[in-house]
Amino acid sequence: MIRMTEPSKITSQNVSDHQPAAGGIAARARASVGPKYLSGLNPEQREAVETLDGPVLVLAGAGTGKTRVLTTRIAHILSQGRARPAEILSVTFTNKAAREMKHRLGQMLGHAVEGMPWLGTFHSIGGRILRVHAELAQLKSNFTVLDVDDQVRLLKQLLQAENIDDKRWPARMLAGLIDGWKNRGLMPSQVPSGEAAMFANGKGGKLYASYQERLKILNAADFGDLLLENIRIFREHPDILRQYQQRFKYILVDEYQDTNVAQYLWLRLLSQAPSFTSPRPRGEVASRSDAGEGDSPSTELVETPPHPDLLSASEARHDPASAFAKASADMSGEKEKTKNICCVGDDDQSIYGWRGAEVDNILRFDHDFPGAKVIRLERNYRSTGHILAAASHLIAHNEGRLGKTLRTEDQDGEKVTVTGSWDSEEEARGIGEEIEQIQRRGEKLNEIAILVRASYQMREFEDRFVTLGLPYRVIGGPRFYERAEIRDALAYLRVINSPADDLAFERIVNVPKRGLGDATVQMLHDHARKRRIPLFEAARAVVETDELKPKARGSLREVVAQFDRWRAQREVTAHTDLAQIVLDESGYTEMWQKDRSADAAGRLENLKELVRSMEEFENLQGFLEHISLVMDRDGGAEDDAVSLMTLHSAKGLEFDNVFLPGWEEGLFPSQRTLDEQGRAGLEEERRLGHVGLTRARRRAMIYFATNRRIHGTWSTTIPSRFLDELPAANVEITESKGGSAWGGTGGYGASRFDDMEAFGSTYSTPGWQRAQANREGNRNRGGGRTGGGGGGNRSGGFEEEAATFSSSSSSGPDFGSFSSRRRGPLTIEGELVAKSTGTTSEFSLEDRVFHQKFGYGRVTKIDGNKLTIAFDKAGEKKVVDSFVQRA
């Protein structure tokens, strides 16, 4: 019964404000009338979308839906009528990201977003602004944007005009320096003298100025100018800056942690509230920590209030750190006001410092924009609990971060595994076998990725995948054997192996530069066609005539003599040593040693890896045949294939299964990065590890090797310090499927030769079934394992007391049972690891045989009890006859 109160007796107390109860009728009814694009957002995402006033920083961890937040925020601004499409500046880093945002907006709003002219990359928007005001940059509106090759050609002309040796001071190196200065917002007059002295004995600054002058004459700009000229115009013409400040009511930035100094300055200028007085520089510039000094981005940096950079040229000249400075504009003596700017990024994923990205930009956001609201997106929709816990625990060791902890409402899943291998070859074998097991479970190869720290690590995996017949693709760059330096080196070896290989000879006849240009090559082609001989023989004939100028004739004669000498050395020199001799004597190695470009060191490492890869083959001919097989594998992008890439190329991607090989000190973290950047470099390497782990949805598998070839020599390595920074509760130590792992005898565990029952595959062939039956029969007769051989060494010198296989007189060799304390000769991957017994083989030439790992084949050579067999699928291998049987 409801009691009624007389109106005269109701008290006059204040009624508290009412909020609909969560899950109640009012709350559900209100949600039903809200915009559909807001449905499905979690509370943090919705807060980031609906907070439209003032500066906002959205700290979006990996897999937390940052792209959805950014696009939904734009949709919300438009649907609420807060701005028209042309009044929103939305900046991304790639054209692909810009297209995806437009597509998503079209889906949300029910129509294509054609009216958003200011949604694009930094450079595309900067270029559009520059074309409007081209005359202020001494350009015409139809100016040309030069690519890297055009830049290098132009700089070569300037070097020649200054009589500077372009071999000692390469144009590509100067292009890299100029690009770095432009990324830091430095005009020629602002380049610190110390940095200008890095090139051509102090002429770097002068050459930069000459380059800029030449660009104006050619009515051209490079990519750096598209922002640098914007900044200069905005500073020198406040009225133009004011136009754009008034135009853009909202500014949104994606991947803010990857912005460089020029992008930061450009955004800071546009994000200020319009001022009707000219900005004046003020204040002492507080320099940011120099990454080269090893100082990490610490909380101290974040606590120092920064200022927007409106420096004069003289300030920049006298303060080398001004490009990284925190500066501010005095707007008529009043505190600077900022407009509605929203930056989305993740300080834990800032991994592009090597190309100018400044993680400090995001770390000091709340000081650059006072009163900024920081919203953390920590709910991950990609990875399982164990993976997120491991990644969060690892990145927590960084000091220079704003802090957040990824979480998931999904299950914990499988633990992150850490596996040790004896060497890099075993690492590749183990990962290859693990991938085969994943494939047998019915999972797609497209959901498998191998993320390496250095590109030269890929070669081992590419070779292994060819052997296993696993399709693969290299993301973010060419395959190992398709790289320019590898193709050049192979061309030299191909000409030695086959003088009639015209394509190879033409590729390297003028590499490195020998003064043998297109005219010389055309003459050789004409001579070769007339006489129907290869180019090399044409060259031999032409050098004996006067058809060429003396200098070109001398160079060509030297090339012919070199190949004759190398071909003679081939008969008495190991093919690996010969390859090194060829690279050195041809001047090819020296060419890259003198190259000062950023990728020169990586190319030299690739050449060393190429020479090392030849050790696995008996001769040069066998190696080149293997390369032909590797190069012939060219699957389409739509094929089901394993993805192979560097950690830097993996950002933004995700896979069910992620392999992370090479977690060793010196390789990861990179010793070069530690030497050059100190603690700041270490923190970026740790962020790289965090990115690698968070690419995995279901499984993350880390590998390290005890021995790895570094700079051409085998070195014993130690596991990466990052492994000790992983949480033990979320990590499982596993044994390598490719051979010996860690623990056990001698610290390296049981030898991979001790367990001959663990085959990587099963077959339905008659030979395989007989082998399985023989093994089972011997096991039932008590022929099990009787001993555990010691650790063994990698060259195959095992203890004589190790157990060995027995033979079955009735049905051929037994592939898996043990019956005595002595073990016979073994082969792994076709490599003989024990000496021949000296007995005569019962097999004959051309016999058809079966091997438990390599399948069917034909005997082509017999040496005692060692057989050379041409297998149908595995190619030619050397094995001991006790491990094959007649087919």
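Leu583 is buried, at a relative accessible area of 5% (buried means under 20%, exposed over 50% and partly exposed in between, using a 1.4 Å probe and protein chains only). This is a predicted model, where local features need pLDDT of at least 70, side-chain atom pairs count only at pLDDT 80 or more, and totals for chains, interfaces and linings use all residues. Numbering starts from 1 along each chain as its sequence is written, and side-chain values use heavy atoms, with hydrogens and water left out.

Back to Leu583: this residue sits in helix H25, residues 575-585. Helices (H or I, at least four residues) and strands (E, at least two) are DSSP runs, numbered from the N terminus. Leaving aside neighbours within four places in sequence, Leu583 is in contact with Ala489, Tyr588, Thr589 and Val611, contact being heavy atoms within 4.5 Å. Leu493 is 90 residues from Leu583 in sequence, yet their C-alpha atoms are 9.6 Å apart.

Zooming out, the chain has 30 helices and 27 strands. Of its 887 residues, 53% are buried. Take the contacts between residues at least 6 apart in sequence: 74% of them join residues at least 24 apart.

Now for one of the sheets. Six strands form an open sheet in the order S3-S2-S6-S9-S1-S10, with parallel pairing; two strands pair if DSSP finds at least two bridges between them. The edges are S3 (119-121) and S10 (373-377), each pairing on one side only. Ignoring direction, neighbouring strands here are turned by 15 degrees against each other on average. Strands S2 (residues 88-92) and S6 (residues 250-253) run parallel and are joined by 4 bridges, with Leu89 partnered by Ile251 in S6.

| Helix | Strands touched | Angle |
|---|---|---|
| H4 (residues 95-109) | S2 and S3 | about 165 degrees with S3 |
| H12 (residues 261-271) | S2, S6 and S9 (340-345) | about 160 degrees with S6 |

How many disulfides does a search of the whole structure find? The count is 0, taking a disulfide as a pair of cysteine sulfur atoms within 2.5 Å. For Cys342, the closest cysteine sulfur is that of Cys343, 6.8 Å away, so the gap is too far for a bond. Both cysteines are buried: Cys342 has a relative accessible area of 1%, and Cys343 has 0%.

Key:
Axes are lines fitted to C-alpha atoms, for helices over the stretch in contact, and angles run from 0 to 180 degrees between N-to-C directions.
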